[in-house]
Every structure is written in structure tokens, then in C-alpha cells.
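User: I am new to this structure. Please show me how to read it, feature by feature.

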Amino acid sequence: MLQLGQIDRGLDQSPAKQIAAMLREAVRSGALAPGEQLPSEAQLIEHFGVARMTVRNALQELRNEGLVMAEHGKGTFVRPMPPVRRMASDRFARKHRKDGKAAFLVEADKVGYQPGVDQISVSRGIPPRGVAERLRLEPDTEVVIRARRYLADGRPVETAVSYIPAAMAAGTRIEEPDSGPGGIYARLEEQGHVLDKFTEEVGARMPTPDERRTLEIGDGVPVLLVLRTAYDTAGVAVEVCDTVKVAPAYLLEYDFPAR
């Protein structure tokens with residue numbers, strides 16, 4: 001039985017915020033586990049001795065934070081979160097490609113979740129202007145576009161769209177749904193584009209309705225935006241990857257030289 005305290009009407013903090021704070025702490029402490037149902041509105045009203053709107057405001061605050069989700073006709077539940085993926089800066093190391101592993105498989109091995117990928121599409125087209133600039137391509141230059149969705153233990157955690165100059169990808173498995181052991185970076189290196197470095201631009205925002213549907217997330221859950229550019233040893237940009245990640249599913253880890 002969940003143990004909750006009582007509101008203090010002598011505090012400046014409103015009753016709704018006090019109730020939200022108690023429920024939030026119950027979620028973060030594990031007293032309310034992922035997937036577990038919160039007390040009903042009627043139970044909370046009786047326990048705290050407040051109006052229904054006060055309870056609804058408290059629950060709405062938690063929904064806005066992405067901690068809980070409401071299921072029509074059933075109640076409010078602690079949002080199940082996918083396993084945290086720690087994205088270390090060595091996930092693109094050549095040693096992993098030599099072992100036949102793309103970055104997603106490397107992360108899965110470290111964290112211990114079952115990786116998956118679906119909704120794969122491969123096409124040719126003209127990239128967005130910002131992507132073309134990063135690839136240093138002339139306007140209207142064709143690229144290979146690889147889109148996919150990644151899953152951890154069956155739960156969507158990320159979408160990714162890679163743009164590779166068509167001249168580099170032509171005739172390789174980069175143009176096939178299964179790009180082969182080591183992924184597209186292994187195929188690029190087989191074509192003589194030995195990778196030298198990556199740059200990443202990281203941002204955050206709330207998801208669009210389409211992104212919420214694809215990533216199966218509700219209101220109040222933000223996404224991380226990571227735009228990565230890969231360069232070969234000649235300084236040529238060989239790929240831009242535009243990813244949208246479920247923010248609570250990730251920890252980004254970077255190493256920086258102290259020089």
C-alpha cells in the first residue's frame with residue numbers, strides 16, 4: 001500500500017504542487033514502479049481532503065513532466081521507460097566495425113538490452129539544404145537516404161536518417177536494407193573512405209505528433225536531437241546522420257582531451 005503524507009496548508013506551495021511532489025518522490029524512489037497504477041482521483045481526494053480539480057492539477061503536472069500517463073477508462077500509471085543507453089564516445093571505434101558490429105550493437109552489448117531495428121527504408125533523393133552544406137555538395141546533388149527506427153527490448157528509442165553521397169554509396173550494400181556487418185561505416189571504409197573523426201550537434205525539444213507516434217511516447221516526454229557528420233582521413237564529409245532520441249532513454253557520454 002502506497003504511503004503518502006498530508007498537505008501542509010501553512011506552506012506557500014499550493015496543495016496541488018504538494019501532492020505532485022509526494023507522488024513524484026514515490027515514482028523516483030521506486031515506491032511506485034514503472035507501469036504501476038497511481039491511486040485513483042477518488043482515493044487521492046479522500047486522502048488529502050481536497051477538491052477534484054486540485055488532484056487533477058497535480059496529476060497534470062506529472063503528465064507534463066513525462067513521469068506518468070493516463071489511460072482512458074483505466075487510470076493513471078507510472079510511465080514505463082526503456083532501458084538507459086549510455087552513448088560513449090568510442091561507440092564508432094574501428095575495432096567494433098572489425099568485429100562486425102555497428103554502434104547500436106556496441107551499445108546493446110554494454111548495457112545488456114536486446115537491440116532491434118525496423119521501419120527501414122532506402123532511397124535516393126536530394127538532401128535538406130543543411131545536410132547538403134555539411135556534406136559540401138552542390139545543390140541538387142543526389143544522396144542515398146537510409147531511414148530506420150531503433151528498438152531496445154522491443155521499445156522504440158530512436159529514429160535515424162543517414163545521408164550518404166550517391167557517388168560513394170553506388171554499387172555497395174549501403175543501398176540495400178541490410179548494409180552488412182559493421183554497418184555503413186564499414187562499407188564506406190571498404191570503398192577507401194577511412195574514417196577519421198565525427199562531429200555531433202546536440203539539441204533538445206518536444207516531439208512532433210508524428211514523432212510521438214513513431215517513438216510511442218506520450219505528452220511531456222522530450223526528445224534529443226543529435227546531428228552527426230562523419231569525415232574520412234582526407235577531411236571529406238562522407239555521411240550526415242540526423243537522429244531523434246527519446247530523451248529519458250539516453251545518457252550521452254563524451255571524452256575531451258585536456259589540451
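Analyst: We go from the whole chain to the sheet, then to loops and a helix pair. Keep in mind that this is a predicted model.

User: How many helices and strands does the protein chain have?

Analyst: The protein chain has nine helices and 10 strands.

User: What share of the residues is buried?

Analyst: Of the 259 residues in the protein chain, 44% are buried. Take contacts between residues at least 6 apart in sequence: 60% of them join residues at least 24 apart.

User: How is strand 4 joined to strand 5?

Analyst: Strand 4 (residues 115-125) and strand 5 run antiparallel, joined by nine bridges.

User: Why is strand 5 described as largely enclosed?

Analyst: Count its buried residues. In strand 5 (residues 143-152), 10 of the 10 residues are buried, so the strand is largely enclosed by the rest of the structure.

User: Which residues of strand 5 lie on one side, and which on the other?

Analyst: Start with the general idea. In a regular strand, side chains alternate between the two faces of the sheet. Now the case here. One side of strand 5 carries Val143, Ile145, Ala147, Arg149 and Leu151. The other carries Val144, Arg146, Arg148, Tyr150 and Ala152. Both faces are covered, and all these residues are buried.

User: What joins strand 7 to strand 8?

Analyst: Ten is the number to look for: strand 7 and strand 8 (residues 223-232) pair over 10 bridges, in the antiparallel sense. Thr199 stands opposite Thr229 in strand 8. Arg205 has Val223 of strand 8 as its bridge partner.

User: Is strand 8 mostly covered or mostly uncovered?

Analyst: Mostly covered. Nine of the 10 residues of strand 8 are buried.

User: How many bridges join strand 8 to strand 9?

Analyst: Nine bridges join strand 8 to strand 9 (residues 237-246), and the two run antiparallel. Tyr231 stands opposite Ala237 in strand 9. This hairpin has four residues between the strands, and Gly235 takes a positive phi near 80°.

User: Which residue other than glycine has a positive phi near 70°?

Analyst: That is Asp140. Asp140 sits in the loop between helix 6 and strand 5. With a relative accessibility of 63%, Asp140 counts as exposed. Arg136 is another case to check. Arg136 is not a glycine, yet its phi is positive, about 55°. Arg136 lies in the loop between helix 6 (129-134) and strand 5. Its relative accessibility is 57%, so Arg136 counts as exposed.

User: Now a helix pair. At what angle do helix 1 and helix 3 pack?

Analyst: Read the angle together with the distance between the axes. Helix 1 (residues 15-29) packs against helix 3 (residues 52-64) at about 50°, and their axes are 8 Å apart. That angle makes helix 1 oblique to helix 3. The crossing of helix 1 past helix 3 is right-handed.

User: Which residues meet there?

Analyst: Helix 1 contributes Pro15, Ala16, Lys17, Ile19, Ala20, Leu23 and Arg24. Helix 3 contributes Thr54, Asn57, Ala58, Leu59, Glu61 and Leu62. By type, the contact residues are eight nonpolar, two polar and three charged.

User: Is Thr54 buried or exposed?

Analyst: Buried. Thr54, in helix 3, has a relative accessible area of 19%, and the cut-off for buried is under 20%. Leave aside its neighbours within four places in sequence, and Thr54 is in contact with Pro15, Ala16 and Ile19.

Technical notes:
Residues numbered from 1 in each chain as written. Heavy atoms only, no water. Axes fitted to C-alpha atoms, helices over the stretch in contact; angles between N-to-C directions. Parallel < 35°, antiparallel > 145°, perpendicular 65-115°, else oblique. Left-handed = near helix turned anticlockwise from the far one by under 90°. Contact = heavy atoms within 4.5 Å. Nonpolar A, V, L, I, M, F, W, Y, C, P; charged D, E, K, R; others polar. Buried < 20%, exposed > 50% of the residue type's maximum accessible area, 1.4 Å probe, protein only. Pairing = 2+ DSSP bridges.
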